[in-house]
Amino acid sequence: MTTEQINERSIQLDQLSVREIVEIMNEEDQSVAHSVSRALPQISSAIEAIVRIMENGGRLFYFGAGTSGRLGILDASECPPTFGVSPELVIGIIAGGEKAMTQAIENAEDNAEAGKLEAAAQVTSRDAVIGIAASGRTPYVIGALQEAARIGALTVSLSCNGDAPMSAAAQYPIEVPVGPEIITGSTRLKAGTATKMVLNMITTGSMIQLGKVYGNLMVNVQATNAKLKDRVVRIVQDATLADEETAKAYVSSAKGDARVAILMLKYNISQQEAAQALQETGGHFGKTIELLKK
């Protein structure tokens, strides 16, 4: 089966073997990265604007409905453990509220006024708002973007269609047309994959610019379980070339903070001095390194 056959809606999935189905899905998924690549200039511009917002104390909000809303909440929820940031820095909001995370409340997406009211209650002029809608025309999301713009917040739209109506409501429109799905209209497939890829880029790119990564190391990772505690030790080893025993001792002295342990080892300073240096740079690890080099 080819994309042309999918475009013509001639594909008969229920007549295929499981192997044929997954082969088609795999072939279609390979096109998603190419679709995203064409939007890289728009994605980069949005990230640069979002970083400026965050550097000035602003937050990032995702507004979405259905699959798009759930993907926004997923991405937001993974920022604190990965990058050590406050849960209030990246916030996901879904049409229909918390219940919509596990139950389909599909009519919630049609309520533009609800989107406006939610944005009015949450967003300030210092913040950034990303509206996510695969179709690019979800009223709830458009309403949220319009209200965010009225408030004076930075606005970004992310859709999986070209010439999306939602794009007109955003300062930074991102469009990733992925073409028809193998199950017509099921945006949890290619559109969902494309959305996840772009959200990964937005938060990862932003956090790197904000100094939450050192080289390619998650120095801000929160050691909340045994696996992550071991990872913190390995991060310290990779950053300083210390042996495991030494790294463990410094991680313990640093109270589990990989950044502090690395600074203590690299510059032969105390835990208090390392923590103070981080505080002076607003937690930007790269800037802290530069400060201590001087």
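This is a predicted model: local features need pLDDT of at least 70, side-chain atom pairs count only at pLDDT 80 or more; totals for chains, interfaces and linings use all residues.
Reader: Thanks! Which residues of helix 11 are buried?

Author: In helix 11 (residues 271–280) they are Gln271, Ala274, Ala277 and Leu278. Buried means under 20% relative accessible area, exposed over 50% and partly exposed in between, with a 1.4 Å probe and protein chains only.

Reader: And why are they on the same side of helix 11?

Author: Their arc around the axis is only 130°, which puts them on one and the same side of helix 11. That arc is taken from the directions from the helix axis to the C-beta atoms. In general, an α-helix has 3.6 residues a turn, so residues three or four places apart point the same way.

Reader: What is exposed on the other side, then?

Author: Gln272, Gln279 and Glu280.

Reader: Which helices do the buried residues of helix 11 pack against?

Author: Helix 9 (244–253), helix 10 (258–267) and helix 12 (285–293). Contact means heavy atoms within 4.5 Å.

Reader: Switching to the sheet: in what order do the five strands come?

Author: The order is 2-1-3-4-5, in an open sheet with parallel pairing. Two strands pair if DSSP finds at least two bridges between them. Strand 2 (90–94) and strand 5 (172–175) are at the edges with a single partner strand each, so one side of each has no neighbour in the sheet. On average, neighbouring strands are turned by 15° against each other, direction ignored.

Reader: How many bridges pair strand 3 and strand 4?

Author: Five, between residues 128–132 and residues 154–159. Alanine 128 of that pairing stands opposite leucine 154 in strand 4.

Reader: Nice. Which strands does helix 5 touch?

Author: Helix 5 (residues 112–122) packs on the sheet and touches strand 1 and strand 2, its direction making about 165° with that of strand 1. Axes are lines fitted to C-alpha atoms, for helices over the stretch in contact, and angles run from 0 to 180 degrees between N-to-C directions.

Reader: Last one: how many helices are in the chain?

Author: There are 12 helices, along with five strands. Of the 294 residues, 45% are buried.

Key. Residues are numbered from 1 along each chain as its sequence is written. Side-chain values use heavy atoms; hydrogens and water are left out. Helices (H or I, at least four residues) and strands (E, at least two) are DSSP runs, numbered from the N terminus.
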